[in-house]
Amino acid sequence: MSNTFFSLLPPIVAIIMVILTRKVLLSLGVGIVAAAFLLAEFKIGETLLIILEAIKGIFIDNGALNTWNVYIIFFLLILGMITAFISISGGSRAFGEWAMKRVRTRTGAQLVGVVLGIIIFIDDYFNALAVGQISRPITDGQKVSRAKLAYLIDSTSAPVCVVSPISSWGAYIIAIIGSIFATHQITEYTAFSAFIQMIPMNLYVWATFAIVFLVMFRNINLGQMKLHEERAITAGQLYDPEKSIPGELKEDLPVSTNGTVGDLVWPIIALIVGTVGAMLWTGANAVEGKAALLAIFENTDVAASLLYGGLIGLSVTMLLYIRQVTVKKGISGSTFSIGVVEGIKSMLPAVYILLFAWLIIDLVGQLETGKYLAGIVENSQMNTAFLPVILYVIAGIMAFATGTSWGSFGILLPIAGEIAVSTDVTLLLPAMAAVLAGAVFGDHCSPISDTTILSSTGAGSNHMDHVLTQLPYAIISAVIAACGYLFIGFTGSTLVALVVVAILLGVFYFLFGNQNKEVLK
């Protein structure tokens, strides 16, 4: 069943079920069983063994601890505890009161999240969670729905990372490009210079950024986003309390009356500085001798850096908490156990979804779903002018079905390079840029994507609410970008493609920009 049409069935079943039922764990569970069933060639006993082996693989890899997965889980739990103790120390309330005096509009509150999302470009995981922690008190205060915040976070985290050379994404992509150039003996430009030239060709990123700003400043609410925004404004209900909300703390959590803005700001600063410092340290230790900054980021251990940064952030948080208990007397020491338990519990929904997503991604990888989709491109007879847009669509489908943009990069970038070199080398950079753009689009839309999960976690939004409210904007951005890639293929001009994208964005503004006469100031 591997590398055949049947390999598409498990992710398709899971995605259709999750959209229809909105029960994420049940839907992912069905997809996991279906994938294992196909791998076992319909043998029930073998199916159970494959699932157990996949579960083991989450924690143990080649006889050693799977540090990537385990560290990410620990980081999420630590982040939950940081959030709980910041709240108990009164930092969240103080920051909310401070921000309310300075950010007086819904647009301003959303702008804070977008600007932070663009500035924090080191890693998408860290971006989604950090921006959510900082922005949530501000957007809550201005009655911006959690679904809207999740959309803003998701639409700035991966897109900004994929065009940033100094990021975990940029380093990974540049390393792949370097191997492609070495294989095909391409010396016209370096991997780094090629990446820089590909930045304006990543049309989905620019369409997404433009629509984010139009949505923010013109209050464009499409589909179910309109329902969430109306509920937030009229009823003050930022999310549906009957749904599972990752990262949401108990409403009756004890809170100090002596909290300050610093009780929130210093832990976040410690988290950011600690994580970035750890990325530089782990990257430098992984390379021999004096290394360039790009080489350091290429070799950094992102998961370990998140864990180290999280521990540093938690340490600062605990020091501020102890000060509240011993010096300011705003709370009692008995709240410690409450903070630990409630902080961990708040992140368990995200951890459960992430575990199930990792399982189905692993099994879909064993089914070679990505290779099957890539083979369709490689074996098709087509006009080379259509190469960028076809690769863009295939990358989107692959990332949507597998839940991983990085996996799509690893499979499709070498194929894009091979096809372009064999047919029309002038399309090499546009073809690879199309792969990057399509993979980010598919990742945005996929309910089994880890970055989508973490964006909803950071915003404190129900996961499926985030997926369904983001979908219309992502699809519109994707269609606009696809038109641009058609023009790149036929004209070879990135400028022409960008002009086409700008015109279509103008059409979008004309159709939807004035849908709400009362723009939310």
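Colleague: How many aromatic pairs does a search of the whole structure find?

Modeller: The structure shown above is a predicted model. A search of the whole of it finds 13 aromatic pairs. One of them joins Phe5 and Phe6, with ring centres 6.2 Å apart and planes at 70 degrees to each other, an arrangement called edge-to-face.

Colleague: Are Phe5 and Phe6 buried, partly exposed or exposed?

Modeller: The label rests on relative accessible area: under 20% is buried, over 50% is exposed, and the range in between is partly exposed. Phe5 has a relative accessibility of 48%, so it counts as partly exposed. Phe6, at 41%, also counts as partly exposed.

Colleague: Which aromatic pair involves Phe85, and what is its geometry?

Modeller: Phe85 pairs with Tyr321. The ring centres are 4.9 Å apart, and the planes stand at 70 degrees, which is again edge-to-face. Here Phe85 belongs to helix α4 (residues 67-88) and Tyr321 to helix α15 (residues 302-328), so the pair ties together parts that are 236 residues apart in sequence. Both Phe85 and Tyr321 are buried. Ring pairs also bring in Phe336, which forms a cluster with Phe85 and Tyr321.

Colleague: Where do Glu41 and Phe42 lie?

Modeller: Glu41 lies in the loop between α2 (24-39) and α3 (44-59). Phe42 is found in the loop between α2 and α3 as well. Glu41 is exposed, because its relative accessible area is 54%. Phe42, at 46% relative accessibility, counts as partly exposed.

Colleague: Which residues of α19 and α20 meet?

Modeller: On the α19 side, the residues are Ser405, Ser408, Phe409, Leu412, Leu413, Ala416, Gly417 and Ala420. On the α20 side, they are Leu428, Ala431, Met432, Val435, Leu436, Ala439, Val440 and Asp443. By class, this contact has 12 nonpolar, three polar and one charged residues.

Colleague: How do the axes of α10 and α20 cross?

Modeller: The axes of helix α10 (residues 191-198) and α20 come within 10 Å and cross at roughly 70 degrees. An angle from 65 to 115 degrees counts as roughly perpendicular. Helices α10 and α20 are therefore roughly perpendicular to each other. Their crossing is right-handed.

Colleague: Which residues make the contact of α10 with α20?

Modeller: Ala194, Gln197 and Met198 in α10 meet Leu429, Met432, Ala433 and Leu436 in α20. The contact has six nonpolar residues, one polar residue and no charged residues.

Terms used
Residues numbered from 1 in each chain as written. Predicted model: local features only at pLDDT ≥ 70, side-chain atom pairs only at ≥ 80, totals over all residues. Heavy atoms only, no water. Contact = heavy atoms within 4.5 Å. Helix = DSSP H or I, 4+ residues; strand = E, 2+ residues; numbered from the N terminus. Nonpolar A, V, L, I, M, F, W, Y, C, P; charged D, E, K, R; others polar. Phe/Tyr/Trp six-rings, centres within 6.5 Å; stacked < 30°, edge-to-face > 60°. Buried < 20%, exposed > 50% of the residue type's maximum accessible area, 1.4 Å probe, protein only. Axes fitted to C-alpha atoms, helices over the stretch in contact; angles between N-to-C directions. Parallel < 35°, antiparallel > 145°, perpendicular 65-115°, else oblique. Left-handed = near helix turned anticlockwise from the far one by under 90°.
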